[in-house]
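Biologist: I'm new to this one, so please pick a single part, take a close look at it and tell me how it sits in the rest.

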Amino acid sequence: MKYNRILLKLSGEALMGNRQYGIDPARLSEYANDIKEITDKGIQVAIVIGGGNIFRGVAGASNGMDRVQGDHMGMLATVINGLALQSALENAGVPTRLQTAIHIEEVAEPFIRRKAMRHLEKGRVVIFGGGTGNPYFTTDSAAVLRAIEIEADVILKGTRVDGIYTADPEKDSQAIKFDHITFDDVLRKGLKVMDTTAFTLSQENELPIIVFDMNKKGNLLKVVSGENIGTKVNL
């Protein structure tokens with residue numbers, strides 16, 4: 001295996017499957033089985049998941065809601081998704097811990113860096129919910145922050161597109177895919193990988209990002225095995 005410890009970033013929308021909102025149990029089960037496949041190989045896995053399938057703070061703010069309250073609602077949505085993924089993983093036989101940036105001790109452990117790293121060393125998957133615990137920060141920022149804190153080797157951003165393109169491949173059939181690209185080139189070309197805060201934090205800490213299609217079975221294992229899947233962003 002090319003990587004020992006990874007941070008897997010999933011969007012909340014990914015859990016919807018073919019639904020308009022909420023959580024698709026079939027998609028959840030697929031993800032759990034894919035994650036089990038790599039934990040069985042000894043890979044240490046941490047996960048940050050978004051909440052866009054339930055609520056987006058930015059969307060609430062655009063409709064007149066207080067942005068801070070909206071973001072807190074979004075944080076709670078990520079905890080709901082984290083609980084769902086934890087249940088699916090445990091049903092697949094993968095020991096899992098959910099840690100949250102906001103204290104909900106009846107539901108999950110509070111985020112404690114040393115405890116999270118100990119769980120990973122013992123072979124448990126650790127899901128980080130609640131974003132960074134602060135409004136105005138996305139789950140992309142939470143993913144990069146947690147990856148740095150737990151000393152992950154790489155951030156794997158699982159999407160429905162198989163990498164980074166010159167344009168949106170779902171809208172432009174002439175879009176060209178990059179196999180490798182530098183942080184500087186992403187910024188120079190104005191490509192959208194993560195929000196600027198998260199992307200800059202990753203660049204400053206020399207933490208590579210791989211964007212790949214999480215919905216294609218076997219891709220996650222191929223990525224951690226070092227196969228040329230998706231697009232790798234590094235220095």
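Modeller: Of the contacts in the protein with a separation of 6 or more, 71% are between residues 24 or more positions apart, where contact means heavy atoms within 4.5 Å. Keep in mind that this is a predicted model, where local features need pLDDT of at least 70 and side-chain atom pairs count only at pLDDT 80 or more, while totals for chains, interfaces and linings use all residues. Residues are numbered from 1 along each chain as its sequence is written, and side-chain values use heavy atoms, with hydrogens and water left out.

The protein has 8 helices and 11 strands; these are DSSP runs, numbered from the N terminus, with helices being H or I of at least four residues and strands E of at least two. Of its 235 residues, 51% are buried, that is, under 20% relative accessible area, with exposed being over 50% and partly exposed in between (1.4 Å probe, protein chains only).

Which residues of α1 are buried? They are Arg27, Leu28, Tyr31, Ala32, Asp34, Ile35, Ile38 and Thr39. Those residues cover an arc of only 165° around the axis, so they are on the same side of α1; the arc is that of the directions from the helix axis to the C-beta atoms. As background, an α-helix has 3.6 residues a turn, so residues three or four places apart point the same way.

What lies over that buried side? The cover includes β1 (5-10), β2 (44-49), α3 (67-91), β5 (125-129) and α8 (219-224). At the start of α1, meanwhile, a side-chain oxygen of aspartate 24 comes within 3.1 Å of the backbone nitrogen of alanine 26.

The largest nonpolar core has 35 residues, and Ile6, Leu8, Ile47, Leu89 and Leu156 have the most contacts inside it. A nonpolar core is a set of buried Ala, Val, Leu, Ile, Met, Phe, Trp, Tyr and Cys residues joined through side-chain atoms within 4.5 Å. Among the elements giving two or more residues to this core are α1, β1, β2, α3, β5 and α8. Apart from it lies another core, of 30 residues, including Phe111 and Phe178.

Terms used: A polar contact is a pair of N or O atoms within 3.5 Å; within protein, one must be able to donate a hydrogen and the other to accept it, and residues adjacent in sequence count only if both atoms are side-chain atoms.
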